[in-house]
Amino acid sequence: FISTVCNFMSHEKCLKNVKIPCSCIAPSLVRVPVAHCFGPPGHYKRKFCTVCRKSLESPAFRCEVCELHVHTDCILFACSDCRQCHQDGHQDHDTYHHHWREGNLSSSARCEVCKKTCGSSEVLSGMRCEWCGILAHAACYVIVTPECTFGRLRNMILPPSCVQLFSRNFSKLHCFRISENLQTESDEDDDVDGSTQGSAKDVQISTESSKQTLKIFDGNDAVKRNQFRLISVPRIAKNEEVVEAALRAYYINDDQQEYELQTFTQQALLSDDVINRNDSAEDSNLGSVFRESIPEAWIIRAKPKDEEVIRIYPAWLKVGMAYVSLRVNKDSTTQSVIKEVLPLLGRQQMECLQNFKLVEVLMGSKQVQRMVLDNQELILNRLKDIKKTSIRQMNQTRFYIVENSKSIVRVNLFVGGLPPQLSPEEYTNILKDELAIKTNVVSVSHVYQAQGAVVLEISCFSEAERIYMLVKDTTVNDKPLNAVVIPEVVASKIPQNCCPLLVFVNPKSGGLKGRDLLYSFRKLLNPHQVFELTNGGPLPGFHTFSKVPSFRVLVCGGDGTVGWVLGALEEIRHKLVCSEPSVAILPLGTGNDLGRVLRWGAGYSGEDPYSILVSVDEADDVLMDRWTILLDAEEPAEGTENGVAESEPPKIVQMNNYCGLGIDAELSLDFHHAREEEPGKFNSR
């Protein structure tokens, strides 16, 4: 048997054992909606799409935090079930359950329960917990105990319950400090109508005369963006068959009786008045084509109903998942729904209705959007609006009942690249001049004078977003500023024996292996403990860990990178609770003398990142000499104007093992400049 929606295959005798939910009901099983973090499109060999279960041939997307892979045109249908790496004020709890992700395991993967192989390179099969890495068959994973203990790396993982990040408007790439400029070989315009071209691969445009190919839009939003799905149906198909095929193309599991097709013409659009198209000439032209032939484009609409059943989820549940189904009619308002639903959820009638609000949550794969509904809003009208916009969105929308609490908004923004050695007042003035910060909602919470960096605490989401976007295009004294969103680590919640690992990766180091390592470490650990050095240097990482009582550091880069991190550590050591963290090295550089001396090897040659983390965990601490060299100022030469020359200030440098003052230094510098200018010619150690 094969599923007509998600292409899942099963023997007849195995049907009764199928535990995998179809893509059309997956959104309804999400416990806590968390959006994915998709990087730029890339080519992934021998991987399968989580939505349609087919292999990924063309450029596709993967989530940088959990191992979700999707086709360009399936991305809208992926449900927001990424792993929860921090607390953001919505449904936070301290116990963590396994976060299962299906498929894309190696063929040698073995099941934890029955010890047989559970991976495959032929189809999407087998389950893996994204936190502890335990593997199991789809039939076996249901008997694994639900609590996750984070596995072998539990002592180095920063537990998600200790990390707070209020990130309403920031994209997931910003929250995890993932640079967006890693464009793999993909064209910019790829993405715009990816959903149009992509869906064509499933439906070979039918050349037989008995079949016809139709474009289906799922609402006004799709029409606006010109995003359609193609379906292939017999020319003599009944209306119901076409509706059913259209619902399947949009992964919707409802009764086709409740939907109808509307011809996609000028009139249909005008009646809804959604589109103010500039190119109206082209539109009127469309109308005439349709008059002569069968229309090829349709919009699928939900038939209007006088009453609906909606599910309401309580937001205060710490474990499990529950909802109450409620019938709403044309008179039901937000307030009447709250009044009706509270007793059903076991809340006392005495509790004041004012203490609760109804929140509409759109669980999009790239962003989870929350909107508090107005007390007098008519629920049925709201549902009609969502269905008109997109029936796919309706399938991904939930209603939560939430207790009002005094929510504190606190966004921490690290701003670097400022002139060094100024006072806090001077920094505030620069920021006022350059970024027009509003001092009533923005305060400078930390100042790093030697490095010319400040940490801003912002109590308003839109102001935080505005500053973040503005900083990218701002220069002070011809130096560009940089901004990094940083999470807050609640040190008091870190378990006793936990010594989290702070990972720094330099993607520009010699062998250019840093990109893949960044992805692997984000996947194996909590992405909030992995920092990319090209994005603000080592300081944001040390600042994030400044209150952690005990941590270790892993530096992935060459000797120069290690020196950079150690130098930064020396400068701000007095501000860290753990002032002397041990530092491990993953040698990615060209020479790697330091890595060799400390027995981390002469250079990274693609070992499994998991085994590297295990060896970091087992490594011994040794002491190493660091030297401080004072280079004195040169005496000013005689005979300069008025005898007063600008003498250079003395310079202080730190070094590990050797200090070069001559030809070796000049050669190294020339080599470094050459590879900065033409990275393409320097692509291996």
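User: In this predicted model, is Phe 1 buried or exposed?

Analyst: Phe 1 lies in the segment before β1 (60–62). The residue has 60% relative accessibility, and the class of exposed residues begins over 50%. Phe 1 therefore counts as exposed.

User: Which residues make the nonpolar surface patch of about 280 Å²?

Analyst: Residues of such a patch must have over 30% relative accessible area; Phe 1, at 60%, is exposed. The patch of about 280 Å² is made by Phe 1, Leu 15 and Val 18.

User: How many residues apart in sequence are the parts tied together by Glu 64 and Arg 522?

Analyst: The side chains of Glu 64 and Arg 522 meet in a salt bridge at 3.8 Å, N to O. Glu 64 lies in the loop between β1 and β2 (69–71), while Arg 522 belongs to helix α12 (residues 514–524), so the pair ties together parts whose separation in sequence is 458 residues.

User: Is Arg 552 buried or exposed?

Analyst: Arg 552 forms a salt bridge with Asp 621 (3.5 Å, N to O). The pair links strand β25 (residues 552–557), which holds Arg 552, to the loop between α16 (609–618) and β27 (627–631), which holds Asp 621. Asp 621 is exposed at 55% relative accessibility. With a relative accessible area of 18%, Arg 552 is buried.

User: Which helix does the salt bridge of Arg 626 and Glu 570 tie to the loop between α16 and β27?

Analyst: The closest N and O atoms of Arg 626 and Glu 570 are 3.1 Å apart. Arg 626 lies in the loop, so its partner Glu 570 supplies the other part, helix α14 (residues 559–572).

How values were computed
Residues numbered from 1 in each chain as written. Predicted model: local features only at pLDDT ≥ 70, side-chain atom pairs only at ≥ 80, totals over all residues. Heavy atoms only, no water. Patch = residues over 30% accessible without salt bridge, like charges linked within 9 Å, V, L, I, M, F, W, Y side chains within 5 Å. Areas by Shrake-Rupley, 256 points an atom, 1.4 Å probe, with all protein chains shown as cover. Salt bridge = Lys/Arg side-chain N within 4 Å of Asp/Glu carboxyl O. Helix = DSSP H or I, 4+ residues; strand = E, 2+ residues; numbered from the N terminus. Buried < 20%, exposed > 50% of the residue type's maximum accessible area, 1.4 Å probe, protein only.
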